[in-house]
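Thanks, everyone. Please have a look at it while I talk.

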Amino acid sequence: MIIPLIDSVIYTMLAATTPVVLAALGVMFTNFSGMFNIALEGMMLVSAFFSVFVVDITSNLWLGMIAGIGAATILGLSIFFICHYFHAEIFIVGMGANLIATGLTTFMAVQLKGSSSLIFENVPKLRRIAIPIIENIPILRGLSGHYVIDYLAIAISVICYILVFYTPYGYHLRTIGKDEWVAKTLGISITKHQFISYLWCGFLCGLGGAVLSLPVGVFLGGPVGMANGRGWLAIAVLCLGQENPLNILAAALFIGATSALSDLLQVTTSLSPRLLMALPFAAALIAIVFYMAKEHKTSLGIKI
Amino acid sequence: MKSKIIITFIGVFLGVTIFTLVGFAGPSTAILIPGTIGDNPLFQEDIKGAKEAAEIAGLKEPKVVEGGDDYASYEKKLISLAATNQYDILVTFTDSMADSIVKVANMFPEQKFILVYGDIHLATEEIPPNLFSSKFRSEDQGYLAGYFAGLVTKSNLPNANEELKIGIMMPDIYPAWNDILIPAYEHGAKAVDPNIEVIQSVLGSWVDVSKGAQAAKMQFAQGVDIILLLTGSACMGAVDEAKVEGKYIIGFNTNIIHLEPDVILGCVLINNREEVKNILLRAYKNTLPFGTEEVVGAKEGVVSFTFDDPNYKQRVPEEIQIAMLECYKRLQNGEINPLGD
């Protein structure tokens, strides 16, 4: 009985990690470029809507995924253009984009299907991929049977790490993040890098949104929506990950593990479900407090 | 010229007045939906029932106001509807509206209010004279679902395991579920075998489908082979997980077997359409006892099960179907106390 439970915890941890790590990597790029994007929740929501809606029309999962990424990218680029060309405050525009995403998806869902929440019957759904050999090894079994986007998320974290720390593009981007003036004197185009960072953010949040709706063929809108706070959690993960993609992956796994632990304790103990439901958010908060305290001590020259 | 204009105005005024009096003769009704209509088959059925009642009574179609997902706005919307003074009867639904409807009923004593499938005693012991409340016996629903889950987990169905564990999943915590429905579910299962254990998960979200799938996976790992899903679209994630893992699901309130007939074996139903229709027809005939509460369940035929569903008939073993019908009859006859002694 214990081994299947461990399998489930590992499985749930990885599944819960994917949308958060993708969104966190997306916001990392915008943070480096000096245009911190807080509209992750909205970008994931539009992606979740358009991906499943296009799959419903075309019966093609790849087209659905592209539509989701496209929708999230368009929303991201809108934020970029509004802020860049009209000098709008990025946080206000980001908040507005989140609200527009909620309103737009709800409105379109109601117009198209008569409801803010859509359950599509008979649409193709993302299939789980079983990894040969691993799927038969107890405990490791939890690593098998995930969706393609789950595995992609891990690969993307590694690619982002290489991109950020071992390519000229990464050096340029990080230079902008450190000091825009220095970047300008080095001849680095800030606008171009900000634009590209929003493309990255759109792509990653789009994937994060698609993984919410495509496996089940469902879109659930409304003020909370099926993103359910993951965009905000991603910002916390970025803080914990200290702008390093691999650290971000580790931080997202930590949040995923607390989510899995919350589910596990619900079915194995008599602890209050309300208390357990708050566990991932409480863990993120405590981790950030410890991180900030450590940063503060370091900045004061205190050796830890 | 002047007199022609005055006569025209008077004519238009009288025409509009006569049209209004003729067109809107009889009681008018407004319905406030505490949520969204589209994704909630229960509310859709409520509206159908209200429309049918209006049609039978030869009245204008009821005005339907969707509350949306902004819970805080429901009470304001109810006050606004009452303040317009345009509707004779205001109808709303669920336990979540109990407090608000009592408050608004006291604010507008001339206005008539109806609360359907909501426990008014969550808000008050004394029901206002202008308010009628109808409550479903959720213990009947819980018992039927638990009895069915117990029969399935003990059965030889291909995906039923040897563990005597059944699950229940809910999007949030509600006193009515915790105090009545879940104990009745457990009691129903234990009527089949006292050793059956009930494992529950609360998702903390009505819309997070992934969370539903993850919680279901955790239950299945614990040895659960059938889960009752207590509404909420987030629970739909559990259906997907059950399909992958080869487990079973019980639907709640409405028949969702067609979504995954191999996974969703049965659904415990409430016939809210008929109930809403009957309540409104009595209200239109002035025979509805305002100031009182009515409790309906299996005995009145309002709570039932998917006995007639073709997938249920095809996939569920005959002995389970017979046992379920027997259980339902005993519940209707009052031979079973769903909450135990």
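Predicted model: local features only at pLDDT ≥ 70, side-chain atom pairs only at ≥ 80, totals over all residues.

The relative accessibility of A:Ile6 is 32%, so the residue counts as partly exposed. Where is it in the fold? A:Ile6 sits in helix H1 of chain A, which covers residues 2–32. Together with A:Ile2, A:Ile3 and A:Ile139, A:Ile6 makes a nonpolar surface patch of about 330 Å².

Now to another residue of chain A. A:Ser213 belongs to helix H8, residues 190–213. Its relative accessibility is 0%, and the cut-off for buried is under 20%, so A:Ser213 counts as buried. What does A:Ser213 touch, leaving out residues up to four places away in sequence? The list is A:Ala48, A:Ser51, A:Val52, A:Val218 and A:Met226. With A:Ser51 there is a polar contact, side chain to side chain, at 3.2 Å.

On to chain B. It has 341 residues, and 56% of them are buried. I count 11 helices and 12 strands there. The C-alpha atoms fill a box of roughly 90 × 40 × 35 Å along the principal axes. Take the chain B contacts between residues at least 6 apart in sequence: 67% of them join residues at least 24 apart. The chain exposes about 14,600 Å², with 53% supplied by carbon and sulfur atoms.

Last, confidence. Chain B has an average pLDDT of 88, and 91% of its residues score at least 70. In residues 18–24 of chain B, however, pLDDT is below 50. That stretch has 3 contacts in the model beyond near neighbours in sequence.

Methods
Residues numbered from 1 in each chain as written. Chains lettered and ligands numbered in written order. Heavy atoms only, no water. Patch = residues over 30% accessible without salt bridge, like charges linked within 9 Å, V, L, I, M, F, W, Y side chains within 5 Å. Areas by Shrake-Rupley, 256 points an atom, 1.4 Å probe, with all protein chains shown as cover. Salt bridge = Lys/Arg side-chain N within 4 Å of Asp/Glu carboxyl O. Helix = DSSP H or I, 4+ residues; strand = E, 2+ residues; numbered from the N terminus. Buried < 20%, exposed > 50% of the residue type's maximum accessible area, 1.4 Å probe, protein only. Polar contact = N/O pair within 3.5 Å; in protein donor to acceptor, adjacent residues only side chain to side chain. Contact = heavy atoms within 4.5 Å. pLDDT = per-residue confidence, 0-100.
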